[in-house]
Amino acid sequence: MFDGMPQRDVVSWNSMLAGYAFNGFVYYALELFWEMQTAGVEPSEYTYSMVASFVQCANHGRQIHARVIRSGMNAHNVVLGNSLIDMYGKLGLVDYAHAVFMTMENINIISWNSLISGLYNSWRSQCALEQFTTMRHVGQSPDEFTVSLMLTICCNLQQVEKGEQLFCLSTKMGFLSNAIVASAIIDLFSQCNRLEDSVQFFDKVDEWDIALCNSMISSYICHDQWEVALNLFLLVLREGLKPTEFTLSSVLGAVSFHLAEQGNQLHSLVIKTGLESDVVLASSLLDMYNRVGLVNSSMKVFLHMVARDLISWNSMIVGFTRNGKVIEALGLFAKLLQVGLPPDRITLYAVLQACNYGGFFTEGLATFSCMEEAYAIIPGEEHYTCVLNLLSQYGKLQEIVDVVETMPYEPNYGMWELMLRLCSLHVDLELMEEVVGKMIEVDPQSSAPYLVLAREYEMRGRWEGIVRVRMAMKEGGVRKKVGCSWIGINNHVFTFREDQLQYHGGEDVYVVLSLLTWVMERQDPWQDGYLG
């Protein structure tokens, strides 16, 4: 219809531009904008404002700004000026955004919000905080967007005192009823390690909103209170609030190994709400099933995904690796390469882990060696750790020393620990003492290097060495860490520590264990056919 119009005024061109932009055809919209000027139609202020909203290239943004200046529109039109500030902020050109801001004759709250948002998105949170202070000094009142944004900035800067001032300002201006502001307050207190204040504020809210509940659920999960998060989710459902993709994704992250049944129920809820096609939510399902050890269920989700991005592939490869299915992990990696998706650092780390767990020495070293050349990925500390683990399985002490000396990172505690183990196997006491010194530098409170060195001294009859180790532990306040194990029964986790009886039913457990030991000692294994 547009092409068939005998005469096309600026309104017609604007309508066509808006249609392209609304449907995501940004390239065609820009082409139409240049064509519009070639046809001799002068863009209006609305045209420039609209084009500035979808520009994705800095050069295009500057060109449009230059045309605005030539047209003489920029100094007096607030909407157009705000659009230019927002455009430069999104492009990361905050100095240009500030220059536009300073040349505007009239400034409103949207102007301030656009400038502060641009600074925040360009990782200049401190400057954003200073601009907010200036805004208050010149007498400009904030709106709900300003306050929620500033609360987020205070959260990132860990400036809880300024956040509390914003909380008081929100109370004074009546902004607490706004769900976005309330959610930002919960996030602020939670991420500044004041979860109790988040809970206290949440409990005082008269009417729940799904965004508010999402923030509270996420806060509980960040503080490892998974069961409380799940209980709040159940209350959300009882209140009749419809969970969003974010809600379900957060709650799936709270499912641990002893709550696998709840994970299945959440999966059913995802299907019931019609959100199973969401890529992020599907990836959360993959992570949940992999975390609780149900990799077959995870693979079913993976195979039914409409679109599989690299995150989905990585989740599945990592899941196979962590659950001991290393052959499947390497096979899935091969399929990833076949479909043409380039692997990233996480992918290759999972592959190296699979080679490590499976003892695939040649494949692991080959993958590590070709990371830069084949995939343009510089090996990170985690990749070096996998290779060192692989070398340690085959007792390659000298090769490990060579890698540690040549890698572009300072060795971490785990790397030194690998070398310590091999030093013990190779009976290299001199190197062991050097490694123990490095481990103590990295983690002075770890008892492991002290104990290993003391054991080696004991085996060689070096009693003065044992005394030195014990004195060093005493002077450094180092204590032996107590090992423990967990078991989940009926949605409860029971902890067994190495140095004490279990507090709940522990005596009964050890009585039964003693009885079993007594029966086994009295039993003749040859007579009853247990052996042979």
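**Figure 1. The whole chain, seen through its contacts.** Among contacts between residues at least 6 apart in sequence, 57% join residues at least 24 apart. Keep in mind as you look around that this is a predicted model. The protein contains 30 helices and 2 strands. Of its 532 residues, 42% are buried. The protein exposes about 29,500 Å², and carbon and sulfur atoms supply 54% of that area.

Figure 2. Let us start with a general idea: side chains of opposite charge can pair when their charged atoms come close. In this view, the side chains of Glu-164 and Arg-194 meet in a salt bridge, with N and O 2.6 Å apart. This pair links distant parts of the chain, since Glu-164 belongs to helix α10 (residues 160-173) while Arg-194 sits in the loop between α11 and α12, 30 residues apart. Arg-194 also forms a salt bridge with Asp-197, where the closest N and O atoms are 2.6 Å apart. Through shared partners, the salt bridges join Glu-164, Arg-194 and Asp-197 into one network. How accessible is each member? Glu-164 is partly exposed at 28% relative accessibility, and Arg-194 is partly exposed at 23%. Asp-197 has a relative accessible area of 18%, so it counts as buried.

Figure 3. Lys-90 counts as exposed because its relative accessible area is 58%. Asp-86, at 25% relative accessibility, counts as partly exposed. A search of the whole structure finds 5 salt bridges.

**Figure 4. The largest pocket and its lining.** About 380 Å³ of space lies in the largest pocket. Its lining is made of 17 residues, and those nearest the centre are Leu-176, Phe-201, Lys-204, Val-205 and Asp-206. Which elements give two or more residues to the lining? They are α11 (179-191) and α12 (195-203).

**Figure 5. A nonpolar patch on the surface.** Phe-25, Tyr-27 and Tyr-28 form this patch, and together they have about 390 Å² of accessible area. Tyr-28 is part of helix α2 (residues 26-38).

Figure 6. Asn-356 is a residue of helix α21 (residues 345-358). Is Asn-356 buried or exposed? At 5% relative accessibility, Asn-356 counts as buried. If you set aside its neighbours within four places in sequence, Asn-356 is in contact with Cys-386, Asn-389, Leu-390 and Gln-393.

**Figure 7. Val-68, a buried residue of helix α4.** You can find Val-68 in helix α4, which covers residues 58-71. Its relative accessibility is 0%, so Val-68 counts as buried. How far apart are Val-68 and Gly-81 in space? From C-alpha to C-alpha they are 9.7 Å apart, and in sequence they are 13 residues apart.

How values were computed: Residues numbered from 1 in each chain as written. Predicted model: local features only at pLDDT ≥ 70, side-chain atom pairs only at ≥ 80, totals over all residues. Heavy atoms only, no water. Patch = residues over 30% accessible without salt bridge, like charges linked within 9 Å, V, L, I, M, F, W, Y side chains within 5 Å. Areas by Shrake-Rupley, 256 points an atom, 1.4 Å probe, with all protein chains shown as cover. Salt bridge = Lys/Arg side-chain N within 4 Å of Asp/Glu carboxyl O. Helix = DSSP H or I, 4+ residues; strand = E, 2+ residues; numbered from the N terminus. Buried < 20%, exposed > 50% of the residue type's maximum accessible area, 1.4 Å probe, protein only. Contact = heavy atoms within 4.5 Å. 1 Å grid on protein atoms, 1.4 Å probe; cavity = no way out; pocket = protein on both sides within 12 Å on 5 of 7 lines; lining within 4 Å. Points joined across faces, edges and corners; volume = space filled by probe spheres on them.
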